[in-house]
Amino acid sequence: VQLQACGGGLVQAGGSLRLSCAASGRTFSSKSMGWFRQAPGKEREFVAAIRWSGDSTYYADSVKGRFTISRDNAKNTVYLQMSNLKFEDTAVYYCAAAAWLWGTQVDIATTTQYNYWGQGTEVTVSS
């Protein structure tokens with residue numbers, strides 16, 4: 001599986017962006033998808049995830065109520081709609097995939113559970 005993320009850019013605080021992550025191959029519908037981010041000098045952190053079936057999602061507390069993850073299995077694409085962006089959302093955002101992953105919140109938010117990673121797309125929020 002190859003993942004290609006896009007949609008990043010420069011936005012003012014309070015603005016919105018939508019990230020997309022397109023996956024190659026015919027097994028997308030069996031992959032739970034996650035978004036992670038890494039700010040300069042910080043470790044990569046979990047942002048949001050969606051179950052392979054699309055019927056369950058999980059968010060980090062820092063983005064809950066502002067970000068929405070969704071997927072379109074017909075297009076092999078997962079999205080991250082980001083609203084009311086804050087300066088602290090500035091980071092490189094990565095999409096990731098894991099076959100049939102879903103379980104505890106710890107499992108879903110752990111980077112090592114994901115087998116496939118995209119190249120990252122940069123989001124910069126100006127204050």
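## The largest pocket

Arg37, Gln38, Ala39, Pro40, Lys42, Glu43, Glu45, Phe87, Glu88, Asp89, Thr90 and Ala91 line the largest pocket. This is a predicted model, in which local features need pLDDT of at least 70, side-chain atom pairs count only at pLDDT 80 or more, and totals for chains, interfaces and linings use all residues. Residues are numbered from 1 along each chain as its sequence is written, and side-chain values use heavy atoms, with hydrogens and water left out.

The pocket holds about 170 Å³ of space. Its lining splits into 6 charged, 4 nonpolar and 2 polar residues. Here Ala, Val, Leu, Ile, Met, Phe, Trp, Tyr, Cys and Pro count as nonpolar, Asp, Glu, Lys and Arg as charged, and the others, Gly among them, as polar. A pocket is an open set of points on a 1 Å grid over the protein atoms alone, where a 1.4 Å probe fits, with protein on both sides within 12 Å along at least five of seven lines; lining residues have an atom within 4 Å of a point. Points are joined across faces, edges and corners, and the volume is the space filled by probe spheres set on them.

Strands are DSSP runs of E, at least two residues, numbered from the N terminus.

S3 pairs with strand S8 (residues 77-82) in the antiparallel sense, over 6 bridges. Pairing takes at least two DSSP bridges. Leu19 stands opposite Leu80 in S8. Strand S1 (residues 3-6) also runs antiparallel to S3, joined by 4 bridges. There, Leu3 faces Ala23.

## The nonpolar core

The largest nonpolar core has 37 residues; Trp35, Leu80, Met82 and Tyr93 touch the most other members. Strand S9 (residues 91-99) gives the largest share, 6 residues. Such a core is a set of buried Ala, Val, Leu, Ile, Met, Phe, Trp, Tyr and Cys residues joined through side-chain atoms within 4.5 Å.

Beyond four places in sequence, Leu80 touches residues including Leu17, Leu19, Trp35, Val47, Phe67 and Tyr93. Contact means heavy atoms within 4.5 Å.

Ile50 sits in strand S5 (residues 45-50). Its relative accessible area is 2%, so Ile50 is buried. Its contacts beyond four places in sequence include Met33, Ile69, Val78 and Trp102.

Asn76 lies in the loop between strand S7 (67-72) and S8. Asn76 counts as buried because its relative accessibility is 17%. Beyond four places in sequence, Asn76 contacts Cys21, Ala22, Ala23, Ser24, Gly25 and Phe28.

Conventions:
Buried means under 20% relative accessible area, exposed over 50%, partly exposed in between (1.4 Å probe, protein chains only).
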